Amino acid sequence: MASHVMEELPKTSVLDPLKGLLLTYFMPESCYDEFFLNFNFLDVPCLKIVLSKGLGIGIILGSVMVKLPQILKLMGAKSADGLSFNSVLLELLAITGTMAYSIANSFPFSAWGEALFLMLQTVVIGFLIMHYGGNTVKGVLFLVVYFGLVALLLSPVTPMPVVMAMQASNMPAIIIGRLIQVVTNYRNGHTGQLSAITVFMLFAGSLARIFTSIQETGDSLMALTYVISSSCNGLIAAQLLYYWNSSPALKKKKKV
């Protein structure tokens with residue numbers, strides 16, 4: 001009697017048409033198999049990977065417009081009252097350092113992509129502060145010099161120790177930059193043209209980045225940078241709540 005060996009058919013999933021997309025952005029193939037072929041949705045390592053990837057993409061998508069409310073508020077008021085240009089410069093230093101360090105170490109885009117969009121929006125805010133302060137020519141010069149330095153930093157000419165030094169300088173830059181803004185708010189007795197939406201989104205994003213930087217890069221320097229950033233963003237968010245009903249107009253009325 002002839003025996004027929006039946007070959008086991010490969011497992012399939014209803015999500016197979018989306019497999020390429022899921023593997024590219026959300027999970028390795030082993031996790032796809034675990035979730036959608038073995039139906040083991042409680043695999044902790046895979047859950048961490050998917051959560052981290054999902055958060056990372058969410059942060060990047062949010063960063064595309066996180067500072068747009070701030071930019072629109074400045075343009076609507078035609079004033080940069082309450083915003084510190086020095087604070088913006090230090091924030092740019094931190095963002096640029098993170099971006100250059102991540103690119104140099106070939107970290108996945110989901111681990112640092114928001115830095116690119118935050119950088120572009122922060123540069124616009126820096127220009128608007130100068131423009132509404134009556135220094136438009138200096139603002140244009142600021143744009144030219146900054147983008148020239150970024151091009152140099154991202155080129156092969158810049159040695160890795162310089163990039164690492166920039167990343168290491170992020171922590172003092174973030175602390176000093178945010179404290180300048182905190183002191184400015186305290187002295188003014190209001191938060192001026194600071195956008196609440198932007199501040200709270202930055203706070204939430206930096207909190208989420210603590211987890212994703214640990215999961216995606218395993219780099220303690222990156223994780224510590226986001227811990228510091230979250231603490232400082234939280235302080236400014238607390239000031240916004242404290243000064244919620246205060247404004248430059250109200251301050252002027254009280255003085256009269």
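Are Glu114 and Arg209 buried or exposed? Both Glu114 and Arg209 are buried, a term that denotes under 20% relative accessible area, with exposed over 50% and partly exposed in between (1.4 Å probe, protein chains only). The model is predicted, so local features require pLDDT of at least 70 and side-chain atom pairs count only at pLDDT 80 or more, while totals for chains, interfaces and linings use all residues. Residues are numbered from 1 along each chain as its sequence is written, and side-chain values use heavy atoms, with hydrogens and water left out.

Side chains of opposite charge can pair when their charged atoms come close.

Glu114 and Arg209 form a salt bridge at 2.7 Å, N to O. This pair links distant parts of the chain, with Glu114 in helix 6 (residues 114-132) and Arg209 in helix 10 (residues 196-216), 95 residues apart. Helices here are DSSP runs (H or I, at least four residues), numbered from the N terminus.

Lys67, Glu91 and Arg178 are linked in a network of salt bridges. Between Lys67 and Glu91 the N to O distance is 2.5 Å. Lys67 lies in the loop between helix 3 (44-63) and helix 4 (68-77), and Glu91 in helix 5 (residues 85-104), so this pair ties together parts that are 24 residues apart in sequence. Lys67 and Glu91 are buried.

Arg178 also forms a salt bridge with Glu91, their closest N and O atoms being 4.0 Å apart. Because Arg178 lies in helix 9 (residues 170-188) and Glu91 in helix 5, the pair ties together parts that are 87 residues apart in sequence. Arg178, like Glu91, is buried.

Note on methods
Salt bridge = Lys/Arg side-chain N within 4 Å of Asp/Glu carboxyl O. Helix = DSSP H or I, 4+ residues; strand = E, 2+ residues; numbered from the N terminus.
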